[in-house]
Amino acid sequence: MKSSLSFLVALVATCTRSYAAEAGMPQLDPTYWASQAFWLIFIFTILYISISKFYLPKIKDNLDNRENKIKEDLDNASKFKEQSEAKLKEYKSILENAKKEVTKILMESKKNLDNDIQSKKVLIEKEIDSEIIKAQKEILDLKKNSISSIQNIAENIASKIIENLSGDKLNESSIKATVEDISKNNIGKYL
Amino acid sequence: MANNPMQQFTVHKIGPEIKIAGIDLSFTNSSLFMLISATTILLLLFLGSKDKKIIPNKIQLIAELFYTFVAKMISDTAGSKAKPYFPFIFSLFMFVLFCNMVGMLPYSFTVTSHIIVTLIMALFIFIAVTIIGFIKHGFKYLSIFVPSGVPSVLLPLITIIEIISYLSRPVSLSVRLFANMMAGHTMLKVFGGFVVSLGILGGWLPLSFSVALTGLEILVAFLQAYVFAILTCIYLNDALNLHH
């Protein structure tokens, strides 16, 4: 294999040397073939080793990191979204409950107020009634008293007037009887 | 002979002559541009992996783009079994690409325009793939030459064709890259020569051609590196996943 290959190379070299000199195709001039092969293998090996050992792992790490970071961030975002939705639900339910409570409290207080007003009204009405009854009693008493005192005054006035007019002293009992009679007749007119 | 379009491909030694066991291994302009390409790749990767930022800067982005590009290429063509060979294919793609691209610079030398360079790479790939195939599958690897579902009358012929196509892989792989690079650079040089010889009156047409060809050559430089790498992946796929 190796000998046949070198034979081929030599054949191509001898065939092309004249051709290369004529047409000037430097690719077919074997002078520097070995050099080119050697430097190609040497430089490419170094390139391959440094790329595969140093640079590709670094770049891969970096790409993986970014991907993980993006994934994490997306996960976090969806988590936060869920949380915020839950919070929103909670908030809404709290709001609803509060509204319900408010109406409840409103109704209760209204009821309480109504009851209170009602009971106070009844109490006050009772008081007013009793006061009225008392006042009526007092008025009646006052009426009775006033009638007797009016009669006394009338008697006195009558006896004084009679004395002054006639100069006699009349029987007190008769005056009393007359006054009583008159006042009895007229009492309905004034009281 | 500055007008000779093949002049640009001559290899000449730089510095002292190095001879080991009678073989001339002198440092040449070819070696210099291999070194420049490799150094550029390593510099790019060094700068691209230096700061481990969550949001990459431009050079980090470039390095990561190369990484994901080659990784996707391998996983698409050769599957997950080819993962251990990722560093090699990445290095190969980067090396060919940067040699091609550095070759596009004026007054530079295109390493990949030499048949010996591409042939050595192709032969290495061919031999390595064959060894991997035999290690993974033993003698069953020879069934790659016998496609299933072929009428038995045609089978000997098909097998011979398969063997020839398998053996011609290194040749086609190396000649494709070498010929593309050489033809492109020769054409650029020829049109450049026309610009000079036609002068200020007639030189504009070849100059515009030259500009357009430069764009095309940059595309070809990328495309040939891509083709070289993807064919390597396909050969590797044949060796790793034996089915026909």
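**Notes on the helix pair in chain B and the A–B contact**

1. Helix 1 and helix 2 of chain B cross in a left-handed way, where left-handed means that the near helix is turned anticlockwise from the far one by less than a right angle. Bear in mind that this is a predicted model, with pLDDT of at least 70 needed for local features and 80 or more for side-chain atom pairs, while totals for chains, interfaces and linings use all residues. Residues count from 1 along each chain as its sequence is written, and chains are lettered from A and ligands numbered from 1 in the order in which they are written.

2. The axes of helix 1 (residues 29-48) and helix 2 (residues 58-77) of chain B come within 8 Å and cross at roughly 115°. That makes the two helices of chain B roughly perpendicular, a label for angles of 65 to 115 degrees.

3. Who meets whom here? From helix 1 of chain B come B:Leu44, B:Leu45, B:Leu47 and B:Gly48, and from helix 2 of chain B come B:Ile59, B:Gln60, B:Ile62, B:Ala63 and B:Glu64; contact means C-beta atoms, placed from the backbone, within 7 Å. By type, the residues of this contact are six nonpolar, two polar and one charged, with Gly counted as polar.

4. On to chain A: three helices, zero strands. Helices here are DSSP runs (H or I) of at least four residues, strands (E) of at least two.

5. Between the chains, 31 residues of chain A are in contact with 36 residues of chain B. The chain A side splits into 19 nonpolar, nine polar and three charged.

Technical notes: Axes are lines fitted to C-alpha atoms, for helices over the stretch in contact, and angles run from 0 to 180 degrees between N-to-C directions. Angles under 35 degrees count as roughly parallel, over 145 as roughly antiparallel, 65 to 115 as roughly perpendicular and the rest as oblique. Two residues are in contact if their C-beta atoms, placed from the backbone, lie within 7 Å.
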